[in-house]
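This briefing walks through selected features of the structure shown below, grouped by topic.

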Amino acid sequence: MRLSLTLILCLFSFLAEAQFHDWPMWRSDFGRSASTQEQLADELYLQWTVKYPARVPVWDDPLNQNLMQFDRLFEPIVSDNKIFLGFNDQDKVIALDINSGRELWHYYADGPVRLPLAANKGKIYFTSDDGICYCLNADDGSLIWKLSLAPAGNKLLGNKRLISMWPARGGIVIKDDIIYTAASIFPMMGTFIYAINAETGEIVWKNEGTGSNYILQPHKSPAFADVAPQGTFVISGEKLLVAGGRSVPAAFDLKTGEELYYRLAESGKTGGAFTCANEQVFFNHHRENMCYMYDSKNGETLIKEVGGYPVVDDKHIYFSGEKIVAAELDDENEIETMWESEVSAVNDLIKAGNCLYAADSKGITAIKITDNAPRVLWTHESRQSIERLVASNGKLIAVSEDGEIMVFGDSPVSSVSYLKQPESNIKGRSFSARRIIRKTGIKSGYAVVIGTEDIRQLKKLVSRTSLSIIAFDRDPDRIEYLREYFDRRGINAERISFQDFDQTLSSLPKYFSSLAIINDPSYLSGNDVGLLSGFYESIRPYDGKIWVKTRGKAKKELRNAMADLDLYGARLRSGLGYIMISRTGALEGAADWTHNYGDISNTIKSDDKIVKAPLGILWFGGNSNMDVLPRHGHGPSEQVIDGRLIIQGVNSVSARDVYTGRLIWKKEFENLDEDTWMIYYDETYDEENPLDTKYNQIHMPGANARGTNFIATRDYVYVIEGINCHLLDIETGKLHKSISPGDKYTERLGYIGVYEDLLILGNNFSDYPEMSREGVSKKKLKFLDFDFTASKELIILNRFSGREKWRISANHGFIHNAVIAGDGILYCLDKLPQGLETKLKRRGEEPPSGSRMLYLDVKSGKVLSEDTTNIFGSWLGYSTEHKLLLQANRPSRDMLSGESGERMIVYKTQTQEILWDKPVDYANPPIISGDKIYTNGEGFSLLTGDPLYEKDLITGEEIKWKFKREYGCGYVVASEHLLTFRSAAAGFVNLDVFEGTGNFGGFKAGCSANLIVANGVLNSPDYTRTCQCPYQNQTSLALVNMPWMTYWTNSNYRWSGKRIQHLGLNLNAPGDRTSDENVLWIEYPYVAGAAPEIPVWIDTVDYSEIRKDPISIHSKNAPWISASSIEGIRSIEITLSEESTVWESSYRVNLYFSEPESRRTGERVFDVSIQGRKILEDLDIISETGKEDMELVKSFSGIMAGRTLRIDLDPAKGNTILSGIELHRENTSDVKIFAK
Amino acid sequence: MKRDYYRIIVLAGLVSLACTTRVSEWVLLNAPANQYSLIYFHQNPIDETVRKQNQKVVDGIEMANIQFIRVVRSEIPEPFYGLYYGGRLFSKYKIADELKGLCSSPLREVIAAELMAGKLCVMLYLKTGIKEKDEMGLNALRCAIESSPFGKIITMHELSRNSKDEYHLASQLLNVEDDLNDIQEPMLFGIFGRFKALEPLLGKGITEENIHLMIDYFTAECSCLIKDALPGTDILFSGKWDNPQTALLNKIIDDNPSLGY
């Protein structure tokens, strides 16, 4: 009897246990179904709550925040009676007892934990912005294994935090004990998608070859940018759906990692990080909580706006929203509505057993589904907005918008326990911190502290400054202690975080730290030269400071070491117990960018010599596009000076740190928005609905016609507002003074420019009365409105005092795009805009007299020359270097009608003679760069007007210089080494070599020109506000030269058929590129851009393509050659000449190999023959390299070839493999072999 | 043994097609006409009669580059139809009957057929009814066409600005620029693509030189900038633009390559 009772009790216990189910992943399972078999009690009682600070989402503007909601709330998972939470502010994961809310353990990562966690068989998995995938013991939080998903330890500032260059934002999904995740959110940096053995942490497969795929971007225009993994991954059938951040997901083969589809362009203006799926279809975010439904098989859109985030219970779909809609999915992917309930599930909806639980701003409602019909069980009212629900282990867990976790159970409790985290409050007294703050004067920006023994110093720095501090120590226990210490006091990691000195310091980003404090000089490893100079490189130019606590001999040695290093801009000062090193002034070779076109000479060219390809990301995020004008109004471009980037908003101007993106100041105006209304934006701009996919802000000429209304200088930012010109202090943004230089007739100021100590202002806009017809008042079309393009009068003032120096009135109007200065002369065009002149001509009317080009002494206003002939243009540019003046037009997209580029005149300014006057077709405001003029796709000599030519790297012929640009508004701008522009994604042309157009793939460049090189970085403030296109990222960022970074180009090369002198065939590469040896490497098979028409024949057996990210390849020079390869080649034949007479020539042939797979010696062995002669016998790559991913180059000279060159690969064991073929014609006498 | 064959194929021609194609052909092939909006403004709920009347209007403008929208406005005394293009009000109509022939007319049918037949452009001459003024421009037009190497592939039509049959066409042409309605001068519109009208030559501006410049535009290589910012105003037309005949221009240029540059 007793035995029976025991058995019954055991059975009962088993059954009771069996009702409990974990919620081991976000939305319960790998399909993110939000459905569990857990059957909660019919009545539930609040048992405990815990309150944490509300989450601050990673992204900064409303659209991004809606499209990527992964860290806007706590996203609990539940396993084995524990709730697990990740923290994006304290960089940690915690476990709470599900019955009491008591914290069981916590674990600190090295970066923010932004994506939901996952649990499997007693282990917890998560990723962090530190680029690492962690596996913890669920019982005690101990680390079981961790795997760096990032390919290297390099850091950058991302979303205001020091994180990996490849942050791991692939939200982990688990199936069959395999976890799937990824690192990197910018395809241009490479993307790394993984399947990992959950038990051991071993990699099952890794896809690192898709990031640079040349695919159609939004607007159906191609660029090198595939999916950017960001968001929770999902599994649908045999497909891994990789969240694409702002876009639809991409599908990868679950077993092999092969990319199956990514419908970025076809999807239109939709997409987002949320996806859930069953085996047949998936639902992806649209706007608010609305979804589109897609066919998992091929990614095609099935139903638009199908419903709110759904519960996917196999084929039963329950859509959330203002009401709940239950539907059934059939095998044909048709959806039939079964029932509707008026219960609000605006915030969340889950299914547990036979109940639905709905959350909205008022609370939670439980609904029982019986006989396929809903019945409300109960409603729990809440004072907070409930945003997330989880049902697991007998509990219903609710998460509020403001960071509260509420847990409901099946029994009432005598008193609900309320747990609360400490308020942020810290004080400290520290002489050392006070002295450092006083001596350096630095209280904001990013700071690095090396050596953390002095905790009071750290507390004082936190309490008395707004610095974001990253503190380093060698002692892991100390790091752990300090993390916990500040965490317990409510100080989040954005204010102070702690890192391992050895692992992180060497990979700090350049220029980011305003202040570095070295408390222990031993960290400098005896003043190691590499460490010192590397550390100095991480300091912000323009007076970033290193404070070294040192004395005695060590101090002297450091002083000597710094003197020996002779670092550019370094200035040493020492005092009692310290040395202070300032990084003064600009970076060596850097230059500013002021005015709308770079300078007051309208060159549209930055003199910055630092920025050159390859480029990688220095920082991203951290500021909002809400402070920038809407994109299609084409407001003025940013201006960059002394480490500050000045940019205009609708009613504000703000300054951002060039090196970190940090907002330095923002000045709101009273009426700037009125002053720029109908010029930089109009009634189509809808500020209230940033998520509206309808067209928002139509195209306008904006600053293309009006020019800028602000100028940044070293001392002040000059801003026009109505009749006033404000001087804002460049350091603080505070109003220094306002100048009102007009008179009683002044209605508005027009032109603005600064030349040396002079401020040039336009007094009133010209309104062209000669073109108005009396009594006729018509609404002007945007591109026919010439009334904001010129000023009636120019007033020249001392820019500090505002005292007027002189003024001059226009006969018609001083066209803003043609008021420039250089070498003491003010040049201006006084005439009608070109569109009006064309209109007169069409109407048989003579242009009114008085058109002229003036040379004015800028100091006195004396007319040096007045030219009334050949006055046709609307643009002037000046070359100080060559003393040449260019008259042209300003054709570009979104410019006034009539601005056609058909003619240019260049004048010698010293004699005012015409140097040349030519009909030239062009489509860009002409860029003056040295002795060249660049336009959109073409170039001309400034000295002669002739087209530019360059050497065809393949045949050695002279060919016309040109480049191809894909879709994008905005115009091309130049710097010493680059042309930058939008080309689907961000685009560039490397002026140093012949290789075509490249991309910085993975974010949208501005619709207004925003890719501006200045102060040592390529600045890209987010000038895409109101854009709804699903580009992978929509953010501000900055790029710097990173010699090891990969990039690809579309050379758009067309072979003439002349004999090939030099050629690289990069097998299975995503695009073209020119090597340091000046060899143009063309990808083969052709995948990017126009085909070069070089005939290549290839025979294969067991053909397959392998591609890795070049960062994974060990190579002396060009890892991007051996990173990709083709397996199975038997022979490859390259045509070398299509000339009628062919000569046999001698070639040097370099063959590139690497072993991309884990193989042992003897597993892949093959012979290689060239032109029928065996040149390699039993080549075994791994045997020669000793490890995989190591480049092996075999070089052969004296290969004689005529019309074609043939390479044969003959396998002895395994399959053949080849990465690249490089041909160089040698300087030996040729032999004539054939004549057609 | 499976043998794969790859050759870097000649896609360049396709890729670059748009850049060597002439403006007239590129616009016909690639540039759908911009949409007009016909908006019915009303204050009160519409009754069955108005609903049917509007349905008739919608049926009448089917296939044309226009959309019909209903807008409730509290401040309007009487309902009316407004014809909008590019955010600009072109015309107001009190009753639906006034909309007859809004999107089609005999002359438009003829012009569209000529464009589809591969003509370079159609020169549409809008007359004032003042003989002396009209004749001068017509003479210039005839001479220009006669002297142009492309004259054979250009057609010309005359239209009175007071034409009843072509009332809507004339009205739309007079809206191509905002002050044309007030100018009593003959006007010459170059029609191309899918019924796009360039800003007109006008009065004394209708000269052989200006006409040749207009022809030069139609025969120019279609640059990206032209594609991005096509000049001209679309005229309402109900018709299909699928499968036009090969541009006659290409043969002329093939036969006389010097004309192509």
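Predicted model: local features only at pLDDT ≥ 70, side-chain atom pairs only at ≥ 80, totals over all residues.

Strand β56 (residues 749-755) of chain A is mostly covered, with seven of its seven residues buried; a residue is called buried if 20 or more other C-beta atoms lie within 10 Å of its own, exposed if 12 or fewer, and partly exposed in between, with C-beta atoms placed from the backbone. Residues are numbered from 1 along each chain as its sequence is written, while chains are lettered from A and ligands numbered from 1 in the order in which they are written.

**Chain A as a whole**

- Chain A holds 13 helices and 92 strands, where helices (H or I, at least four residues) and strands (E, at least two) are DSSP runs numbered from the N terminus.
- A compact globule with 1236 residues would have a radius of gyration near 33 Å, and the 33 Å found for chain A agrees with this; the radius is taken over C-alpha atoms, and the globule rule is 2.2 Å times the number of residues to the power 0.38.
- The C-alpha trace of chain A spans about 120 × 85 × 80 Å along its principal axes, and 57% of the 1236 residues count as buried.
- Among the contacts in chain A with a separation of 6 or more, 62% come from residues 24 or more positions apart, a contact being two residues whose C-beta atoms, placed from the backbone, lie within 7 Å.

- Two residues lie between the strands of the hairpin, in which E756(A) takes a positive phi near 50 degrees.

**The sheet from β52 to β55**

- Four strands of chain A form an open sheet in the order β52-β53-β54-β55, with antiparallel pairing.
- β52 (710-712) and β55 (735-739) of chain A stand at the edges with a single partner strand each, so one side of each is left without a neighbour in the sheet.
- β52(A) and strand β53 (residues 716-721) of chain A are joined in the antiparallel sense over three bridges, and the bridge partner of A712(A) in β53(A) is V717(A).

- In helix α11 (residues 834-842) of chain A, the buried residues are Q834(A), G835(A), L836(A), E837(A), K839(A) and R842(A).
- These buried residues of α11(A) pack against β9 (201-202) and α8 (208-219) of chain B.
- Just after α11(A), G844(A) takes a positive phi of about 75 degrees.

**Two individual residues**

- R478(A) lies in helix α5 (residues 476-488) of chain A and counts as partly exposed because it has 16 C-beta neighbours inside 10 Å.
- Leaving aside its neighbours within four places in sequence, R478(A) is in contact with T452(A) and D473(A).
- A195(A), found in strand β16 (residues 192-197) of chain A, counts as buried because it has 22 C-beta neighbours inside 10 Å.
- Apart from neighbours within four places in sequence, the contacts of A195(A) include I178(A), Y180(A) and G257(A).

Note on methods: Pairing = 2+ DSSP bridges.
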